[in-house]
Amino acid sequence: MMKQPNTQPMSELMLRETASQTAGPYVHIGLALAAAGNPERDEEIWSEMVKPDASGEHIEVVGTVIDGNGDLVRDAFLEAWQADAEGNYQSDYDLRKPFNSFGRTATTFDHGSEWSLKTIKPGAVVHPNGKLMAPHINLAIFARGVNIHLQTRLYFDDEVEANRECPVLSRVESDNRRQTLIAKREEAGGVIRYRFDIRLQGPGETIFFDF
Amino acid sequence: MQSNHNRFVTRDRNWHPPAYAPGYKTSIARSPQQALMSMQQPTASELTGPDFSHLRMGSYDNDLLMNFTQGEGLPQGERIILFGRVMDQFGKPVPHTLVEMWQANAGGRYRHKKDAYLAPLDPHFGGVGRCLTDDQGFYRFRTIKPGPYPWPNDVNSWRPAHIHVSVMGPSISSRLITQMYFEGDPLIPLCPIVHTLKDPEAVETMVGRLDMANSKPMDCLAYRFDIVVRGELQTYFENQ
């Protein structure tokens with residue numbers, strides 16, 4: 001007799017998606033080997049999305065993840081997906097390219113517990129309605145206690161006009177909530193850096209998307 | 001300009017665990033209280049994703065019996081093959097997608113600087129693997145069966161033996177991290193993390209099945225674990 005497979009039907013025509021589970025406290029040993037203190041393989045998917053010769057404005061993006069008690073989440077793992085400087089997503093991930101649209105980072109177990117990415121400022125991407133979306137980085141957040149990853153967008157505070165016209169950002173009714181999606185520019189030692197703290201719950205809770 | 005990216009079947013958030021699941025205590029302060037903002041019209045930002053076909057893998061990346069010491073010594077524990085097919089909700093195989101996994105050793109200890117469980121590290125076991133699915137969507141790992149371990153939730157909570165599994169699928173919309181449990185494990189119905197799921201059928205999607213036909217006599221058992229990612233819809237009538 002055929003054994004019941006682990007997949008489950010949704011209807012006669014479709015299957016159910018495999019259910020999500022938390023990535024747990026030790027996600028680093030699987031997806032962020034350096035953060036676990038483990039030896040890395042020859043090629044790892046990590047936080048340097050650019051080489052020096054990549055075209056575009058080179059930036060750093062940093063931030064913390066904060067829980068509903070106001071405490072730092074030290075075991076969060078994040079994934080970034082963004083367009084290149086011309087507004088195109090580069091699906092082909094290849095560490096020999098000057099720029100990759102995908103990156104990974106994690107908060108740390110040390111004092112400041114910041115995640116960081118080295119990248120370029122993305123260009124504007126066309127919305128299906130033909131308008132331009134303001135430059136943004138898509139972020140997914142995984143952590144112990146997070147049962148299914150949270151999805152947000154990081155926008156830039158020096159893109160005032162583009163942000164105002166963005167068909168996604170302008171759909172947010174609450175101005176206070178819209179601000180949770182906007183990273184703040186700071187310049188330190190010749191580095192252009194944007195700060196984006198992610199609040200999982202409570203006052204200043206970041207907007208998370210369903211798509 | 002029209003976007004020509006395929007859309008995906010809507011994710012059923014009542015099937016997945018909710019963000020707030022108080023039986024799993026850590027979720028209490030890490031769950032958003034505001035509603036998710038629904039993107040009724042997904043854009044290139046959601047409908048595209050990375051293709052890892054050009055990521056250079058090591059020859060032992062999917063062989064956890066070998067990859068920590070490059071074969072100098074074998075790890076303790078039950079040798080198993082973990083394999084299965086990545087497909088979408090319409091049963092269409094997802095070829096050349098990245099599958100990553102990580103796990104505790106046979107004693108239930110992770111090789112992670114924050115894991116201080118009594119069970120010792122195994123000098124021959126790291127606990128991480130990755131591979132791309134083949135043309136038919138199949139992935140395959142060789143490893144040992146991980147041990148259960150206690151964790152601080154209730155006074156005496158134990159995790160069933162499990163392997164964390166991460167899959168990308170065709171776009172960031174299909175991104176999924178889950179855990180594979182082992183058929184017949186009596187700890188599955190006792191686990192607060194399993195219980196974050198309301199529907200017993202949703203739990204079944206996470207239970208790998210013993211597969212004697214694919215086991216190797218005098219060598220290792222096999223567990224089959226198929227992974228279903230969101231169904232990719234074909235784009236019709238886009239210039240309405």
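**Two chains of a predicted model: group meeting talk**

Let me start with the charges of chain A, where 22 positive and 32 negative charges have mean positions that are 3 Å apart; here Lys and Arg count as positive, Asp and Glu count as negative, and His and the chain ends are not counted, while the place of a charge is taken as NZ of Lys, CZ of Arg, CG of Asp or CD of Glu. Residues are numbered from 1 along each chain as its sequence is written, chains are lettered from A and ligands numbered from 1 in the order in which they are written, and side-chain values use heavy atoms, with hydrogens and water left out.

Staying with chain A, we find 4 helices and 13 strands, where helices (H or I, at least four residues) and strands (E, at least two) are DSSP runs numbered from the N terminus. The C-alpha atoms of chain A fill a box of roughly 65 × 45 × 40 Å along the principal axes.

Of the 211 residues in chain A, 59% are buried, and by that I mean under 20% relative accessible area, with exposed being over 50% and partly exposed in between (1.4 Å probe, protein chains only). One residue to look at in chain A is Ser113(A), which sits in the loop between β4 (102-106) and β5 (115-120) and has a phi near 50°, a positive value in a residue other than glycine. For context, most residues other than glycine have a negative phi. Ser113(A) counts as buried, because its relative accessibility is 0%.

Turning to chain B, we have 2 helices and 12 strands, and from the N terminus on the elements run β-α-β-β-β-β-β-β-β-β-α-β-β-β. The radius of gyration of chain B is 19 Å, close to the 18 Å that the globule rule gives for 240 residues, so chain B is as compact as a globular protein of that length. Buried residues make up 56% of chain B, and the 24 positive and 24 negative charges have mean positions 5 Å apart.

Chain B also has a residue with positive phi, namely Gln70(B), at about 55° although it is not a glycine. Gln70(B) lies in the loop between α1 (44-47) and β2 (79-88) and is exposed, with a relative accessible area of 52%.

Arg140(B) belongs to strand β5 (residues 138-144), is partly exposed at 43% relative accessible area, and has its C-alpha atom 4.2 Å from that of Phe83(B), 57 residues apart along the chain.

Finally, an unreviewed UniProt entry places the feature "domain: Intradiol ring-cleavage dioxygenases" at residues 82-110 of chain B, with positions given in the numbering used here, feature names shortened, and annotations that may be inferred rather than shown by experiment. That span is 0% helix and 45% strand, and its end C-alpha atoms lie 18 Å apart.

Notes
Predicted model: local features only at pLDDT ≥ 70, side-chain atom pairs only at ≥ 80, totals over all residues. Rg over C-alpha atoms; globule rule 2.2 N^0.38 Å.
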